[in-house]
Amino acid sequence: MTTMPSPLPSDHPPVKFGRVGVLLVNLGTPEGTDYWSMRRYLSEFLSDKRVIEWSHLFWQPILQLIVLSKRPQKVGKAYEEIWNHEKNESFLLTYTRNQSDLLGAALKDLPNVTVDWAMRYGKPSIQSKMNELKDAGCEKILVFPLYPQYSAPTTATVNDEAFKALLQMRWQPALRTVPPYHDDPAYIEALANSIQAKLATLDWEPEVLLTSFHGIPQSYFKGGDPYHCQCHKTARLLREKLGWSKEKLQLTFQSRFGPEEWLQPYTDKTVEELAKTGVKKLAIINPGFVSDCLETLEEIAGEAGEIFLHNGGEKFAHIPCLNDTPAGMRVLETVVRRELQGWV
Ligand SMILES: C=CC1=C(C)c2cc3[nH]c(cc4nc(cc5[nH]c(cc1n2)c(C)c5CCC(=O)O)C(CCC(=O)O)=C4C)c(C)c3C=C
Ligand SMILES: [Fe+2]
Ligand SMILES: [Fe+2]
């Protein structure tokens with residue numbers, strides 16, 4: 001960082017300036033798989049009005065008294081199965097930290113840039129990292145919500161929180177947010193290559209590949225959230241890149257929560273139907289997740305695979321997320337270099 005040329009007047013507060021921060025932000029993580037860690041995490045997550053849009057007056061009693069009495073145990077057990085026991089943390093945290101370290105190393109030619117990471121729910125918080133970057137002399141901060149497709153419950157809530165952090169600051173940094181990159185050629189190419197690489201390790205070819213995206217309630221889509229369209233565009237571009245038919249590469253939505261209707265077709269129902277109608281070989285990829293997490297490892301690699309095999313399917317493969325692989329890092333680096341233009 002640069003410091004003010006000395007001598008500063010003796011009564012002048014110390015000043016650090018001249019740096020640019022890049023803050024990668026993913027969804028969040030519980031600190032452990034026990035009841036109270038899970039409860040704290042789910043309570044923060046599900047109290048976010050960008051996630052559950054019902055009025056607090058109606059929702060909080062249901063959340064605190066009903067949902068959070070049982071769900072923490074159930075979800076804690078699921079987390080336990082996919083926990084990174086070596087580091088005693090979730091894989092989402094492991095991958096996000098690695099992505100930050102690797103991106104920092106990849107941007108070594110930009111010595112004024114500092115890369116760091118935060119979580120929207122749990123720790124480290126966006127506010128704490130925004131303060132750290134500012135204290136380290138970052139006058140400009142690029143916030144990167146780690147979601148290729150924009151949605152209000154993910155991208156917007158990260159951006160809200162980053163701008164909220166500025167409320168506390170006398171000398172605010174300039175803030176930029178990374179736009180969705182659902183149709184970026186580098187992203188589509190990395191996905192296509194990851195599919196081809198995984199298929200090359202199998203001694204069978206899938207009849208169908210599902211691109212399974214996290215769902216959102218239909219009402220959010222009808223209210224103007226562009227997420228549905230961006231998922232469809234990613235799937236179309238991937239299909240075109242691979243030269244596959246609409247029957248071979250299909251799009252579904254997973255991880256329904258609550259009583260509302262969510263975006264369709266649902267992944268679990270589609271997997272069951274495919275197996276029952278005679279599809280024997282199935283693969284699933286999760287293009288909307290930058291890193292593997294509960295929703296990909298447990299719900300898809302675990303549960304969806306079981307549904308397929310129990311209903312007559314014979315071969316199942318889950319294609320991992322891009323995570324901290326060189327191909328995944330190339331995507332993040334491409335997006336960050338583009339969005340830093342004019343600042344470095
Ligand atoms: C109404 C509730 C939810 C909406 C809307 C929602 C949107 C949404 N979520 C992701 C990405 C992730 N979600 C994850 C877990 C998760 N999601 C919800 C609810 C909603 N998500 C819950 C309750 C949970 C926790 C698990 C559970 O209780 O079932 C995760 C995994 C986090 C991890 O630590 O592994 C991710 C990632 C997207 C992309 C999205 C909208 C597009
Ligand atoms: Fe979710
Ligand atoms: Fe659409």
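**Exercise 1. Identify the buried residues of helix α10 and describe the form of the helix.**

*Solution.* Step 1: The residues of α10 that count as buried are Leu294, Thr296, Leu297, Glu299, Ile300, Ala304 and Phe308. The model examined in these exercises is predicted.

Step 1: Helix α10 covers residues 294-310 and has a kink of about 30°. The kink is centred on Ile300, which is also one of the buried residues of the helix.

Step 2: After α10 comes Gly312, which has a positive phi, near 110°.

**Exercise 2. Determine where the two positions of the UniProt "binding site" annotation are placed, and why they can be said to gather at one spot.**

*Solution.* Step 1: The unreviewed UniProt entry lists His214 and Glu295 under "binding site". These positions span 82 residues in sequence, but their C-alpha atoms are not more than 8.0 Å apart, so they gather at one spot.

Step 1: His214 belongs to strand β7, residues 208-214, whereas Glu295 belongs to helix α10.

Step 2: A residue is buried if 20 or more other C-beta atoms lie within 10 Å of its own. His214 has 27 such atoms and is therefore buried. Glu295 has 19 C-beta neighbours inside 10 Å, so this residue counts as partly exposed.

Step 3: Neighbours within four places in sequence are now left aside. His214 is then in contact with Gln254, Ser255, Gly288 and Glu295. Under this condition Glu295 is in contact with His214, Gln254, Ser255 and Phe289.

**Exercise 3. Describe the two domains and the contact between them.**

*Solution.* Step 1: The domain assignment gives domain 1 as 16-180 + 328-339 and domain 2 as 185-319. Taken over C-alpha atoms, the domain centres are separated by 24 Å.

Step 1: Domain 1 contributes 23 residues to the contact, and domain 2 contributes 20 residues.

Step 2: On the side of domain 1 that touches domain 2, two or more residues come from each of α2 (56-82), α3 (91-106), α5 (152-166) and α11 (326-339). This side comprises 14 nonpolar, seven polar and two charged residues.

**Exercise 4. Explain why ligand 1 is said to lie between the domains, and describe its shell.**

*Solution.* Step 1: Ligand 1 is surrounded by 25 residues. The closest are Ser151, Pro153, His214, Cys293 and Leu294. His214 is also listed by UniProt for "binding site", and Leu294 is among the buried residues of α10.

Step 1: Helices α1 (35-46), α2, α5 and α10 each supply at least two residues of the shell.

Step 2: By class, the shell contains 15 nonpolar, eight polar and two charged residues.

Step 3: Both domain 1 and domain 2 give residues to the shell, so ligand 1 lies between them.

**Exercise 5. Decide whether Tyr227 is buried or exposed, and name its contacts.**

*Solution.* Step 1: Tyr227 is located in helix α8, residues 227-242.

Step 1: Inside 10 Å, Tyr227 has 26 C-beta neighbours, and therefore counts as buried.

Step 2: With neighbours within four places in sequence left aside, Tyr227 is in contact with Gln149, Tyr150, Ser151, Ile216 and Phe221.

Step 3: Gly28 is 199 residues from Tyr227 along the chain, and the C-alpha atoms of the two are separated by 20 Å.

Terms used: Residues numbered from 1 in each chain as written. Chains lettered and ligands numbered in written order. Predicted model: local features only at pLDDT ≥ 70, side-chain atom pairs only at ≥ 80, totals over all residues. Bend = angle between axes of the 7 residues up to and from the residue. Helix = DSSP H or I, 4+ residues; strand = E, 2+ residues; numbered from the N terminus. Buried ≥ 20, exposed ≤ 12 C-beta atoms within 10 Å, placed from the backbone. UniProt positions renumbered as here; feature names shortened; annotations may be inferred. Contact = placed C-beta atoms within 7 Å. Domains from an automatic or database assignment. Nonpolar A, V, L, I, M, F, W, Y, C, P; charged D, E, K, R; others polar. Near = placed C-beta within 6 Å.
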